[in-house]
Amino acid sequence: MLASPTLEEDLRQADELRGRIDLVELRADHLRDSEAAAASSFPARVGIPCILTVRRRSDGGSFAGAERDRVALLRKLAGAGFAYVDLEEDLQAPELDAAVRKAGARVVRSLHDFAGVPSGLSRRIAALARGPGEIARAAVTPRTCAQLAVLLDACRDAGALPRVILGMGEVGFPTRVLASKLGSAWCYASPTAEAAAPGQVTPPALDEVYRFRAIGPQTRVFGVIGNPVMHSRSPLIHNRGFAALGIDAVYLPFHVPDLQEFWKVADSLGIRGLSVTVPHKTAVLEFGVEGDADVRAIGACNTLTRASASGRWIGANTDMEGFLAPLRHALGGKIPPGLRATVIGAGGAARSVVAALASVEARVLVLNRTLDRARRLAERFHADFAGLDPAGARAAEHTDLVVQTTSAGMAPQQGVDPAPGLQFTGREIVYELVYAPARTPIVQRASAAGCRIIPGWQMLLAQARRQFLLFTGAEYPSEVMEALSGQLD
Ligand code: NAP
């Protein structure tokens, strides 16, 4: 989608993306008036098939003039060599339709909903195309998984209808990447990350993170469910692994505000495996998941695979071993029994960490903002506990290892230090589970004090390696893992 104020800038952006894009959309509503008048030269100059769109403000566009001026502009430009002209569902202009057809272009008949998913969506999509060769386009805004499931039903109901059906916003994101699996003729992307609408990505990200061009109707879908989740690096990790091994699969972030409705989405897409992240690691267990021994011991699950025979979800926890592997490495191959460890936080990740530390006979102190939660976790694993207050900070003195497991420090809590009262001597190993951003406040303080840091991406990669094996039955390619370590460090 090219939406600059000048044609030159649009051409420059298209040039930069040449080879990564098959189609450009010229958003002529964003052009300055003088530029819009000159836009008939654009298709020939850009040399890539082109969609012409002049969007009204009421449909999220920038065209502020009268409707008759908009129709006149569309009519003037329609014959300039555009491959497609986007006209809204409610636009009644038969002479414009005829002019588009006469020019050899195809009408994209579009409907929008920026607030939600309208009722009767499948019926409305089926009624969109008015003439031969028209493409139905629906851009709606699912805010819940229940609405995403409706959108996926609409994709199925559209059958062989030429269409583009997409969900705007974070919940709708999978419909963009899965365009070719869901039967959409194309996927809209933003030329730059800064200009991207929520849920939109750039063509390089589509290629490099989501292997967009390798996705087809048979591609198996995996993903991570969480809230927030769009920052997750797991898609990069798993998709690189699929690509290296030639596995026809894709891994996506699923923004899940309503877990109980997500299973409809999973059924609709035939999802076979999922990573589970904050805040769903314990909540997923309420949905009939059959947890393995680690899940039962920890009470939290970060991996789901679906049994093909029964259709049941099987829960595993790769966080525990994923946490221990980098620690073992940092300690020269063996974790000494009696290691004194302070764990900040008592959520799903902390459970895996405390269980893992208990399994290697560490002496664990749990510090949490909500004291009762610290107590319950500590009691389960025979650990000590305290609050995130001066008494907790005193109890944490003489610690060998500090593990930061809270979600403070990552979006939307960037810059938040969960334990400002905890001072470092420089002798502690500080293990930060948050991996985006890499330098959280606690990492900055610990580095300044001279502590050794184990960054969160090391655990992320170690646990992902085990997930990949559960998802695919194949070992994660070690050369890809090494390259990713270099990239994430
Ligand atoms: P969770 O179950 O929601 O637990 C969140 C924890 O953070 C709770 O203990 C909560 O305390 C605490 N917390 C949140 N905001 C806080 C603040 N401002 N000050 C103090 N404490 C605060 O989340 P989770 O599943 O444990 O995940 C936590 C983090 O670990 C996430 O950032 C996740 O990305 C990261 N993680 C990383 C890896 C990895 O591989 N690197 C693996 C797993 C998790 P209360 O109990 O008082 O609410």
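What volume does the largest pocket have?

Reply: The largest pocket has a volume of about 1000 Å³. This is a predicted model, in which local features need pLDDT of at least 70 and side-chain atom pairs count only at pLDDT 80 or more, while totals for chains, interfaces and linings use all residues. Residues are numbered from 1 along each chain as its sequence is written, and side-chain values use heavy atoms, with hydrogens and water left out.

A pocket is found on a 1 Å grid over the protein atoms alone, as an open set of points where a 1.4 Å probe fits, with protein on both sides within 12 Å along at least five of seven lines; lining residues have an atom within 4 Å of a point. Grid points are joined across faces, edges and corners, and the volume is the space filled by probe spheres set on the points.

The lining of the largest pocket comprises 43 residues, and Val-278, Ala-349, Thr-405, Thr-406 and Ser-407 lie nearest its centre. Two or more lining residues come from each of strand S9 (273-276), H14 and H18; helices (H or I, at least four residues) and strands (E, at least two) are DSSP runs, numbered from the N terminus. H18 provides the largest share of this lining, five residues. By class, the lining has 17 nonpolar, 20 polar and six charged residues, where Ala, Val, Leu, Ile, Met, Phe, Trp, Tyr, Cys and Pro count as nonpolar, Asp, Glu, Lys and Arg as charged, and the others, Gly among them, as polar.

The ligand takes up the space of the largest pocket, a molecule being placed in a pocket if more than half of its atoms lie within 2 Å of the grid points. Around the ligand are 27 residues, of which Ala-349, Thr-370, Arg-373, Met-410 and Gln-413 come nearest; a residue is near if one of its heavy atoms lies within 4 Å. This shell divides into 13 nonpolar, 10 polar and four charged residues.

Polar contacts are pairs of N or O atoms within 3.5 Å. A polar side-chain atom of Gln-413 is 2.7 Å from a ligand nitrogen atom. A backbone N or O atom of Gly-348 lies 2.9 Å from an oxygen atom of the ligand, and one of Gly-456 lies 3.0 Å from a nitrogen atom of the ligand. Of the 930 Å² of accessible area that the ligand has on its own, the protein covers 89% (Shrake-Rupley method, 1.4 Å probe). Helix H14 (348-359) and helix H18 (456-472) are the elements that give two or more residues to the shell, and H18 gives the most, with three.

One backbone detail concerns Val-278, which is among the residues nearest the pocket centre: its peptide bond to Pro-279 is cis, with omega near 5°. Pro-279 is in the loop between S9 and strand S10 (290-291).

Notes
Polar contact = N/O pair within 3.5 Å; in protein donor to acceptor, adjacent residues only side chain to side chain.
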